[in-house]
Amino acid sequence: MRPLAIATLEPEDPAAFSPLLAELSAAGHRPPFVPIKRFVPTGFAKRLIAVLEHSLATGKWMLVTAMSGDGKSTALAEFRRRHPATVKAGPADTIVRVVPIVSTRISRGVQSADSLMHALAAGLGAPPRLGPGAFRVWLVETIARADVQVIVIDDAHEMTMAQLSYLRELTGQLAEIGSEPAVILLAAVDSTDARTCKPWTMIARKELVAEQFNNRLDGADPVVFIEGLSRSEVGQVLATWEHLYRSDFPELELAKWTSSTVGWLTDSRNDRAKTGRIRMRQLRAGVNAALAVAWAEGRPGLREDGSDLYAAFVRLTVRGFTVAVVQAEDDG
Amino acid sequence: MTSSSLPVSVVARRGELLYGRMLRAEEANLLPAGTLANMTGRHDVAARAFGRPGFGVLGTVFDHDALAALFGQSVGDVEATTYRTELRRLFGPGVSALKLGAVRDFRVCPECVAPGARFISRSVLLPLVHGCPRHHIWLRTNCRCGARLGAFAKQRPFTCSGCGADWSELPRQPLGWRDDLRQRRVVHAYAVILDQTKPAVIESARRLLSIDRDRRWDHGWCLADDPAISAQAVAPKSVNSLAGVVANLVMREIPPERLLDHLELARHPDLRCWNQACPTHGTPYAMCVSAYRSNGVESYCSECGSRYLDDRMTLTFDRGHGSPDISATSVARARARLAEYGQRLYEAALFLSSEDEPVSVEHIFHLAGVPQASHLRARQLRLVELVHSVLQRQAWSKSKVAQRWNEESAFRWRYPASRPPGLGSSAPCV
């Protein structure tokens, strides 16, 4: 099928193409569509996991960046799943939990060093109720005993200087007792230049803390930008979904819309940084929306002309899937 | 282990006290003593009170679900570190810790808490237990510096809150042989009572103690020399805790297994023993039904062996029975038969016990030609006791301990006081 160009639909009828409204209207005779949340090893995930595995093997500190929505957290979860926590027998009838990967996610609402400290402790087991000073000492000993090899900070673009300073202090104390885990900062950027991310701008300052932190990024190419999905990788993802949804949609054909999908998602309104790459979040949102409408209408697959898929990506491009207007029924 | 458990978990140990397990977990996780208590203890209880011995009996001041999650164990494993299961089985769900008895001080055995072991037994919570049953040394309540030992006094685990000395450095004073004997019997009595499953143990103990009038052999010293035992050995009607039961059993040298026998008897509330020579005279405590006949209920007294048809006595072995239904001649004939039974049982027991195969009382009765009637198993007739003593004497004589101990050793239950003719000394029970 020839790829369709995106038409300008503004002003848009709010009732046009709403997956939620379609599901609500079909709620009486059909259960809602539930997207499959199984991990799909996309090209981006493979690249990111390869970098994480490299850091795990070498102990190098790294600053890893990618565009928002590429699937960093999903790939990180898969990386943790591949290196789960185990237990080993300790002295005097004890069982020690061995945690090779400790990760936490920075949020904008919690930006103190103590909050980072408690978040890291939560990955090791139930944290005890101690004062801040005693807790810091306890955390250092516990990380060393748990044989942590990598500390991953997700959403590192939200980090503050205080948290960066604490991370330096923590790793310094660990080094004093012979434990040297690698640190990976996962940050989102809005361009392909990784040096524009906030952690790097903090590290690059001429301050003592920043300089000491910078000293730890002493490996080859410690700052990395992971590109999004290419055309062929998008095709692989669509083919995978076609297979996964076969039982619900016997006549589903997604792979043939690869070129069209790439064209839609590389539109300047979707790819503002002009990377020429596809973000997994946008791809998933568009495909799931089309599938939800098809499910609500009881169709075994997408429309032959791809108009539902097209409408989904138009909706995504113009205003996203954030707002739906549930109108009252017409009284006549 | 789950994410809700501590980074380092401790393996459950049988017979360990809850406080000991919490301290072990805190030591393994490099936490100060009392951290887990503060995390799982009730908010209406002062933090400094968590280490009280009384709270460890049932452990209700702590959230057992939270503790189990922190330990990475089941709630049953946590409850096994308290006496909650045993006391609820004996007294019901609303039991108070005072049913076990009052313990005011936190005690430890310096040998048990040595580094590498770090074991605090549940038995330190038992009243009347002042020595370690494993190492036979005195339990300590105070440090060398004079500070009272506390489980969760904001110090490093297993150390003194005053001077910081490790508990394993406390002096080790071995128990004297009399104290050791007392402690063995106290621990044995507690073990027997807490392991059995029938409730109403205190009521049964009151009955047993009130009817017990046997005079026992005096070692030359009294087991009630221990002030704690004598203080707890109150009158039977005032016994209200397991500590009182144990104190009375130990002081009177009553084997705790006899309490179990007393619990096992099926009582009939409408029947009475009318033998005036029987300790249960006028009471239904020991009455059991033999059979229901067309002309009445056949019953017997499991204490004195007297038989009845409804309220009429048909057989007794005691001369001072006071019943008009039985003549002196009948009593003499019954006593003669009893003596013959005893002789035949003694010979049969000697014969069968010389074999290496295990034998039962029923087997010996059958071989001796003694009727398998229930009333012949009555306690005061001492036929069953005779068989047991012969069997135990044979087993005892083959044991290594017997080769060391002489017959005058005090490490034996001396019961009954008078020795049956033709027999040697009774075998030890401890």
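In strand S6 of chain A, A:Val189 is the bridge partner of A:Met67. The model is predicted. Strand S1 (residues 62-67) and strand S6 (residues 182-189) of chain A pair in the parallel sense, over six bridges. Helix H3 (residues 72-82) of chain A packs on the sheet and touches S1, S4, strand S5 (150-154) and S6 of chain A. The direction of helix H3 makes about 155 degrees with that of S4(A). Helix H4 (residues 113-122) of chain A also packs on the sheet, where S4 and S5 of chain A are touched; the direction of helix H4 makes about 135 degrees with that of S4(A).

The sheet in chain A is open and consists of five strands in the order S4-S5-S6-S1-S7, with parallel pairing. Strand S4 (101-105) and strand S7 (223-225) of chain A stand at the edges; each has a single partner strand, so one side of each is left without a neighbour in the sheet. From one strand to the next, the twist averages 20 degrees.

Chain B contains 15 helices and five strands. Of its 430 residues, 52% count as buried. Among contacts in chain B between residues at least 6 apart in sequence, 62% join residues at least 24 apart.

B:Gly51 is located in the loop between helix H2 (35-40) and helix H3 (53-58) of chain B. This residue counts as buried because its relative accessibility is 14%, under the 20% cut-off. Leaving aside residues up to four places away in sequence, B:Gly51 touches B:Tyr19, B:Ala151 and B:Phe152. B:Gly51 and B:Arg104, 53 residues apart in sequence, are 11 Å apart in space, C-alpha to C-alpha.

Note on methods:
Residues numbered from 1 in each chain as written. Chains lettered and ligands numbered in written order. Predicted model: local features only at pLDDT ≥ 70, side-chain atom pairs only at ≥ 80, totals over all residues. Heavy atoms only, no water. Helix = DSSP H or I, 4+ residues; strand = E, 2+ residues; numbered from the N terminus. Buried < 20%, exposed > 50% of the residue type's maximum accessible area, 1.4 Å probe, protein only. Contact = heavy atoms within 4.5 Å. Pairing = 2+ DSSP bridges. Axes fitted to C-alpha atoms, helices over the stretch in contact; angles between N-to-C directions.
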